[in-house]
Amino acid sequence: MLQKSNKIRSVSYSKYGYLFSIPFILAFLVFSLYPTLFTVIIGFTDFKGVATTSFKFLEEPFANFVSIINNATFQNSLVNTIIIWTINFIPQLGLALLLTAWFTRRKTKIRGQGAFKVLFYLPNIITAASIAVLFAAITVYPIGPLNDILVSTGILKEPFYFQNDPWAAKLLVAFIQFWMWYGYTTIILIAGVNGINPDLFEAAEIDGATPSQTFFRVTLPCMRTILIFTLVTSLIGGLNMFDIPKLFIWNGGPANATMTTSVFIYAQAFSNKYLYNTAAAASMIMFVIIAVLSAVIFVLMRDKYEVRAKRELRRRKRELRRAAKEAVA
Amino acid sequence: MKQKGKTKFQERSLAGKIVIYTVCIILAVLSLMPFVIMLVNSTRSTPEIQQHAISFIPSSHLLDNWKVLTGKTFNPFTGFINSVIISTGATILAIYFSTLTAYALFAYRWKLRQPFFTMILAVMMIPTQVISVGFYQFMYRIGMTNNFLALILPAIAAPMIVFFMRQYMLSALNLDIVASARIDGAGEFRIFNGIVLPIMKPAMATQAIFTYVTNWNSLFIPMILLTKKEFYTMPIMVSLLKGDIYKTEYGAVYLALSLSVLPLFIVYFVLSKYIIAGVALGSIKE
């Protein structure tokens with residue numbers, strides 16, 4: 001009886017589930033799915049030129065993709081993106097882990113943690129466009145603040161033209177990214193440590209583990225998921241890096257040293273070339289790379305209990321079937 | 001013997017503390033330094049900056065810089081108002097509809113619920129930049145370039161916020177309250193607006209801050225859609241500073257940057273406690 005009334009109730013309310021999801025689904029179809037498909041289609045056409053709207057499909061369907069993969073500037077921009085991301089991320093994660101280890105010590109509490117966190121996170125919330133232009137002004141040649149410091153403290157004999165040196169430009173973009181994001185990563189990692197069962201630390205303490213032993217043998221292994229999450233979200237963000245490389249040095253920098261894939265796509269489609277078809281092909285290549293990375297996050301973020309429950313359910317069903325078969329035999 | 005060991009340990013921990021505080025203070029200075037340089041230099045004249053680019057003593061040329069700045073293309077008022085309109089509209093839509101969608105996923109059992117949630121997880125990380133060509137062409141065809149709605153309406157589908165709202169509901173929303181409201185005869189939509197939304201306020205406030213800031217800072221999509229000067233947002237205004245007309249006007253550039261950063265500074269230092277807590281919440285729970 002009770003079972004039945006429950007069932008009726010759930011059936012009669014289920015339509016609200018659909019009803020309340022309609023705005024999201026509509027907006028998603030119109031503003032995300034349709035543009036995605038449209039981008040895919042444009043990638044297979046001859047669509048270019050300002051203010052044109054007509055296009056036809058290419059006879060060789062993958063011509064745009066082939067030409068973009070063989071495009072030296074695109075290859076260069078992909079390599080730049082990965083280099084800049086890597087030299088930003090490795091020290092970023094290192095510093096974030098170090099700060100996390102310090103801030104989550106159980107015996108010696110660091111005072112002013114709250115204030116430090118607020119200051120470390122500050123650059124992350126400020127408009128990236130403003131930060132890019134600000135750093136451009138700070139590193140300007142020959143009389144920017146950075147050169148001023150370096151020359152007046154005697155580190156450099158004469159001003160250095162940072163924005164004209166390919167590696168200096170790359171390193172500075174990586175530094176800006178590092179500076180903007182290490183605070184964020186630190187806060188995420190600290191939250192991860194705070195989520196670990198304190199009994200584990202107590203047990204380690206009783207067993208006489210030193211703080212560094214506890215950190216490497218207890219804390220780090222417990223944070224595997226959160227570390228992978230941080231790595232993959234940062235990589236996806238890094239692959240889309242646009243504001244800083246675009247505005248730090250206008251359009252790619254010396255010898256295209258700071259040209260990232262997003263800056264490349266922008267230059268292809270929206271600045272003055274209007275090569276929508278090759279830009280779409282480049283976008284799709286990036287889309288596929290990002291989709292693969294997203295799959296990792298997807299697996300991490302699934303409800304663990306649900307997955308486990310489903311697995312359990314399947315196992316039971318199998319057993320039941322086997323039992324039934326055996327009974328028949 | 002024992003006593004000696006203890007002091008040795010204390011010495012070591014004191015040295016450790018000194019290292020920790022030194023590193024933290026250096027990092028804190030590094031966080032603030034560029035902004036201090038920016039604020040001070042916005043009051044100094046270009047010749048002063050060219051003589052000594054770093055100074056901690058404000059000068060008296062704020063008004064001159066302002067005149068140089070606004071005499072050219074940079075219009076802080078237009079940029080500010082446009083950014084406020086877009087960010088406010090997008091935030092309201094994103095928060096309201098994400099909560100509604102999360103509630104649909106949380107409170108009702110429907111056939112496509114699980115597939116729908118799976119889809120939300122799957123598209124969560126896909127950035128808008130990689131579909132920008134199709135998005136721009138679509139907006140161009142329906143005449144929505146230079147129209148704020150093209151930047152506001154897409155906010156209705158915000159998978160990331162839906163995900164966090166659902167997570168929050170799992171821990172904070174008890175369906176018994178909903179059931180008792182039903183017995184009192186309240187409609188489902190009224191229950192959502194009158195009972196669920198107030199319970200969700202803390203999560204909505206946190207997500208609203210981040211959505212607002214993200215929209216405020218956004219550059220790529222606004223830059224391709226908004227081509228007329230009267231529609232420029234603050235970050236697009238900032239990008240104008242890279243143009244040739246401001247090339248040697250350092251004082252004006254620093255002032256423009258200060259103006260673009262100041263609203264965020266104020267918001268951040270008022271709400272920093274909630275923002276830091278919000279970032280920490282954003283990490284997945286094991």
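Modeller: Happy to! In this predicted model, look at chain B, where the axes of helix α10 (residues 188-217) and helix α13 (residues 250-282) come within 10 Å and cross at roughly 95°. An angle from 65 to 115 degrees counts as roughly perpendicular, so that is how α10(B) and α13(B) lie to each other. On the α10(B) side, the contact is made by T206(B), I209(B) and F210(B). Facing them from α13(B) are L271(B), Y274(B), I275(B), G278(B) and L281(B). By class, 6 of these contact residues are nonpolar and 2 are polar, with no charged residue taking part.

Now widen the view to the largest nonpolar core, which has 162 residues. The members that touch the most others are A132(A), V133(A), I176(A), F248(A) and A256(B). Helix α7 (residues 166-194) of chain A gives the most to this core, with 15 residues. From chain B, domain 1 (2-63) and domain 2 (75-240) each supply at least three residues.

Finally, the contact between the chains takes 81 residues from chain A and 77 residues from chain B. Helix α1 (residues 2-42) of chain A gives the most to chain A's side, with 20 residues. That side divides into 58 nonpolar, 19 polar and 4 charged residues.

Key: Residues numbered from 1 in each chain as written. Chains lettered and ligands numbered in written order. Predicted model: local features only at pLDDT ≥ 70, side-chain atom pairs only at ≥ 80, totals over all residues. Contact = placed C-beta atoms within 7 Å. Helix = DSSP H or I, 4+ residues; strand = E, 2+ residues; numbered from the N terminus. Nonpolar A, V, L, I, M, F, W, Y, C, P; charged D, E, K, R; others polar. Axes fitted to C-alpha atoms, helices over the stretch in contact; angles between N-to-C directions. Parallel < 35°, antiparallel > 145°, perpendicular 65-115°, else oblique. Core = buried A, V, L, I, M, F, W, Y, C linked by C-beta atoms within 7 Å. Buried ≥ 20, exposed ≤ 12 C-beta atoms within 10 Å, placed from the backbone. Domains from an automatic or database assignment.
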